[in-house]
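User: Could you take a close look at one part of this model for me, the surroundings of a single core residue, and then connect that part to the rest?

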Amino acid sequence: MKRPENEKESAAARAERARTGPPASLVRDGDARRAAPVGRTVESVAAGDAVEGIANPGGAVRGASRSVDLRPQVGRSAPRTPGQEREPPSPRSSSDRFEPRIAARARMGTVFAVMCFLATIVGIVVLAALLIDIVSDGWQRLTPAFLNGMPSRLAERAGIKPALVGSAWALALTAIIAFPLGVGTAIWLEEYAPDHRLTRIIETNIANLAGVPSIVYGILGLALFVRALALGRSILAAALTLALLILPVIIIASQEAVKAVPNSIRLGAFALGATRWEAVRYQILPLALPGILTGTILALSRAVGEAAPVILVGALAFIPFVPSSPMDQYTVVPFQIYAWVSKPQPAFLELAAAASIVLIVLLLTMNAAAIYLRNRYSRKY
Amino acid sequence: MSTAIQIPPGEVELEARDLSVLYGGTPAVRNVSIAIPDRQVVAFIGPSGCGKSTLLRCFNRMNDLIPGAEVTGAALFQGSNLYGSGVDAVDVRRRIGMVFQKPNPFPKSIYDNVAFGPRINGYKGNMDALVERSLRQAALWDEVKDRLDSSALALSGGQQQRLCIARALSVEPEVLLMDEPASALDPIASQKIEDLIYELKQHYTVVIVTHNMQQAARVSDFTAFLYMGEVVEYGPTEGLFTNPKEERTEAYITGRFG
């Protein structure tokens with residue numbers, strides 16, 4: 001966007017610039033021309049322009065040569081000697097110093113946005129294809145008899161009731177075990193633990209534990225709960241293993257939730273004579289609870305979907321009864337799916353698909369509950 | 001250091017004796033000795049980082065909550081050392097209340113904000129009456145009496161700050177420490193806080209930290225000028241502002257530094 005005045009600059013303006021140095025460049029040529037004959041200094045023109053620019057913001061739109069000095073004040077207020085050359089020699093106008101290439105930059109933005117959109121689409125399409133495939137395979141098998149039935153060697157008679165009840169048991173026990181341990185750890189680390197090396201090492205390692213593969217937890221559960229504690233192939237052993245698996249996730253989510261409570265709330269409570277317990281109980285926990293619950297539910301939904309550690313600690317592929325106590329033998333939905341997929345008959349694949357639908361609905365429900373809790377409590381105040 | 005105010009011995013409410021505070025070894029307050037009279041308003045002024053807030057926090061042991069903070073010397077409240085053995089910071093903070101720079105109401109109802117302190121401190125009287133009295137003392141009652149159950153966060157900044165003052169008063173303290181209570185507020189809300197301080201001094205000793213020298217001049221009876229962790233000058237407010245004895249005080253109040 002070059003302005004024609006740049007080329008045909010008046011001799012008077014050029015002489016003025018040579019005399020006063022760089023600031024002439026701050027004023028567009030029209031002003032310099034106007035300024036030079038009446039003998040005003042360039043600074044005063046620039047200052048006058050700045051004032052006018054504020055008083056009359058429409059000036060720029062009209063195309064009149066108006067500019068506001070945006071350079072640091074130092075340059076303008078520096079003492080100057082007439083005739084002295086100044087460093088560095090400044091270009092004539094801003095249009096020489098910048099090459100905006102707005103169209104090219106806008107194109108880059110568009111390209112980037114399209115790439116991000118495509119990345120999103122890939123994920124959604126694959127997910128949708130998976131869902132459609134499972135639903136089309138399994139929805140005919142999804143009958144009350146299937147949900148309520150016992151497993152069977154005959155595909156027509158097979159149901160998932162024991163697996164569903166087993167998953168519900170495992171879910172409930174896991175929550176009961178993991179929630180207090182996780183929240184307690186988070187509160188201790190955030191509110192009570194002295195800030196020294198040991199605490200930091202613990203925190204770092206909790207984050208690392210969250211990344212350990214679930215099968216490793218299965219091995220640990222097998223050695224510790226099934227064998228050493230002699231819990232055998234019980235739901236309790238599975239729940240303890242799953243609780244260990246999701247504990248780091250609950251701790252980290254709860255820590256974040258506790259950290260998000262503003263420090264001013266703590267100080268406000270302490271200044272009223274609250275003990276630390278009272279500050280935590282009445283001010284910090286209520287504020288952190290939505291975040292804690294959300295994190296816990298999401299962690300639990302991971303536990304419900306796990307097959308690998310549960311297989312290791314002894315879930316059974318065929319359970320012809322509904323478990324009724326934590327010490328019963330059991331199976332869970334993901335393992336039931338796995339067991340059916342391993343069978344050669346195509347009918348069992350359909351059963352696996354039907355069970356997958358059940359599992360997905362369960363997980364989506366849990367996630368919806370998490371979102372509901374978060375919105376409900378964060379809207380309250 | 002000229003701490004030239006004479007207070008009859010029975011009327012000293014708070015006193016620092018040779019008090020120093022170190023943050024991780026760096027001194028923030030150095031050997032300060034200062035006496036604060038009962039039911040007067042004392043202002044701490046000084047440039048940022050001069051230790052005035054730190055000194056204020058010594059008087060209700062809020063420095064205990066800052067990791068790495070170390071207090072030496074003595075801070076006396078009605079003659080007994082706040083840092084003495086067997087003194088519980090929780091009890092100190094009930095008797096010496098604090099209002100912070102930014103209004104920090106709990107995200108609960110107006111009523112619960114005021115009632116929280118009395119509840120945890122085992123208040124046995126009529127809670128509704130106490131809440132009303134506290135809100136009246138903070139000049140907020142008329143503005144909120146019809147919506148005590150609505151969220152405190154719906155109040156304006158100035159109202160929130162007065163709610164915080166009401167909250168501090170609800171546990172019936174004897175001293176109110178105010179850490180730049182009006183600096184986050186607009187001039188009109190500020191004015192209300194200042195009027196309130198004037199009222200509060202009938203019943204409470206008020207220590208206020210402020211950046212605003214006009215505010216210090218308006219609200220306080222005595223002013224201490226702190227610089228680099230030391231009390232440079234302390235005396236009746238009028239004298240300190242019109243006829244400072246120390247060169248540095250004069251430089252600060254005339255705006256030559258800080």
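Analyst: Once neighbours within four places in sequence are set aside, A:A238 is in contact with A:A170, A:V310, A:V313, A:A315 and A:Y330; contact here requires C-beta atoms, placed from the backbone, within 7 Å of each other. Please keep in mind that the model is predicted: local features need a pLDDT of at least 70 and side-chain atom pairs count only at pLDDT 80 or more, while totals for chains, interfaces and linings use all residues. Residues are numbered from 1 along each chain as its sequence is written, with chains lettered from A and ligands numbered from 1 in the order in which they are written.

A:A238 belongs to the largest nonpolar core, which has 156 residues; A:A238, A:I246, A:A355 and B:V207 have the most contacts inside it. Such a core is a set of buried Ala, Val, Leu, Ile, Met, Phe, Trp, Tyr and Cys residues joined through C-beta atoms within 7 Å, where buried means that 20 or more other C-beta atoms lie within 10 Å of the residue's own. Helix α11 of chain A (residues 235–259) supplies the largest share of this core, 19 residues; helices are DSSP runs of H or I with at least four residues, numbered from the N terminus, and strands are runs of E with at least two.

How confident is the predictor here? Chain A as a whole averages 80, with 74% of its residues scoring at least 70. In residues 17–80 of chain A the pLDDT is below 50, though the model gives this stretch 80 contacts beyond near neighbours in sequence.

An automatic or database assignment divides chain A into domain 1 (4–97), domain 2 (100–139) and domain 3 (142–380). The C-alpha centres of domains 2 and 3 of chain A lie 31 Å apart, and five residues of domain 2 are in contact with seven of domain 3.

Turning to the partner chain, 24 residues of chain B are in contact with 16 residues of chain A.

Key
A residue is buried if 20 or more other C-beta atoms lie within 10 Å of its own, exposed if 12 or fewer, and partly exposed in between; C-beta atoms are placed from the backbone. Two residues are in contact if their C-beta atoms, placed from the backbone, lie within 7 Å. pLDDT is the predictor's confidence in each residue, from 0 to 100.
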